[in-house]
Each structure stands twice: as structure tokens, then as C-alpha cells.
Amino acid sequence: MTVRDIRLYGDPVLRQPTEQIEHIDDHVRQLVQDLIDTVQLPGRAGVAAPQIGVSLAAFSYNVDGQIGYLLNPRIVERREPIVEIQEGCLSVPGLWFDTPRYSWVRAEGIDLDGNAVTLEGDGLMAQALQHEIDHLGGTVYLHRLQGDTRRAAMREVRAQPWF
């Protein structure tokens, strides 16, 4: 089991859009295994490849007892309402803020065999899909915050010993 260290907010890899996975090889298979091993620790709903320092379009999830991964994911459908939901991030440890998210989403991608995979859901699954796919585009949830909430969040981030 390989649990990888999580990159913290401020690390440049978290701000860069990832590259699509063109060829599934041993490197990609090991990446998926590392993502799955890393997401299985208690309290983790998802881990995106940039969070472990890899700029490839892949993430793992651990939602309601279901553990899996998705390669080259994209959100193909969103349903309103948009709700503000308490959200945190392994790359922003210890801080939680109300974040606007669609209440239901459907994402598509592929598995290690190149087969099409669809994930969809509401609640934590919808939040995790949006959060992890944001990471793959170089967006940390703090960038979804608005107005006074964003200003307060950034003040708290700058006050953290890890920043």
C-alpha cells in the first residue's frame, strides 16, 4: 500500500490544468493504485492526481463505502439548484467553507482498460465529482468562494502554519 503525501495550497502543481491520459501504461496503473491507497484513509472523499504531485487527469473517490477512480473525467450534466455546502480539501487542511455546488452531476471518463465509465449522484458524490474535477483544471475550492467568504477564507489560509 502506497499512501502518497498531499500537496498543500500554494504548490504550483495545484494551479496547473492536467494533461489528458493518452496511453494507459504501468505508470498510469501505479498512479491509480496510489490514488486509491491514498483516498482510503479515514475522512477522505477524493484525491486528485495533482494533490499527489502528478499533473495527469485522474482522481480517486471514497463515497458512501464506494471506492473507485476515473481517468480523463469531465462533467457532462449538472442539475440545479446550486447549494452552498460545507467543503474542505486535503490540500487546505483544517479549513471548511460554504462552497457553491450543483446539487447533482454526471461525469464521464474511462477506466484502466479504456472502457467508458459514468459516475453520477447527488450529495457527497456530486460534491466530490465537482471538487476533484476542479482540481484537474487547476482550481482549488477556495477559488469558487465569493465576496466576504472568499476574503475571510484567504485570511485564514494565510494564517495557517503550513502556508
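Of the 163 residues of the chain, 49% count as buried, where buried means under 20% relative accessible area, exposed means over 50%, and partly exposed lies in between, with a 1.4 Å probe and protein chains only. The model is a predicted one, in which local features need pLDDT of at least 70 and side-chain atom pairs count only at pLDDT 80 or more, while totals for chains, interfaces and linings use all residues. Residues are numbered from 1 along each chain as its sequence is written, and side-chain values use heavy atoms, with hydrogens and water left out.

**Exercise 1. Describe the order of helices and strands along the chain.**

Step 1. The chain contains three helices and five strands; helices (H or I, at least four residues) and strands (E, at least two) are DSSP runs, numbered from the N terminus.

Step 2. Reading along the sequence gives the pattern α-β-β-β-β-β-α-α.

**Exercise 2. Work out how the sheet is built, and which strands stand at its edges.**

Step 1. The five strands make an open sheet in the order β1-β2-β3-β4-β5, with antiparallel pairing, and two strands pair if DSSP finds at least two bridges between them.

Step 2. At the edges stand β1 (46–48) and β5 (116–122), and because each has a single partner strand, one side of each is left without a neighbour in the sheet. From one strand to the next, the twist averages 45 degrees; axes are lines fitted to C-alpha atoms, for helices over the stretch in contact, and angles run from 0 to 180 degrees between N-to-C directions.

Step 3. Three bridges pair β1 with β2 (residues 58–63) in the antiparallel sense, and one of the residue pairs is V47 with its bridge partner S60 in β2.

Step 4. Between β2 and β3 there are six bridges, again antiparallel, with A58 opposite L71 in β3. These two strands form a hairpin with two residues between them, and D64 in the turn has a positive phi of about 50 degrees.

Step 5. The antiparallel strands β3 and β4 are joined by 13 bridges, and a hairpin connects them through two residues.

**Exercise 3. Locate S91 and decide whether S91 is buried or exposed.**

Step 1. S91 sits in the loop between β3 (66–89) and β4 (92–110).

Step 2. The relative accessible area of S91 is 0%, so this residue is buried.

Step 3. Leaving aside neighbours within four places in sequence, S91 is in contact (heavy atoms within 4.5 Å) with I6, R7, L8, Y9, L14, Q51, H135 and W162.
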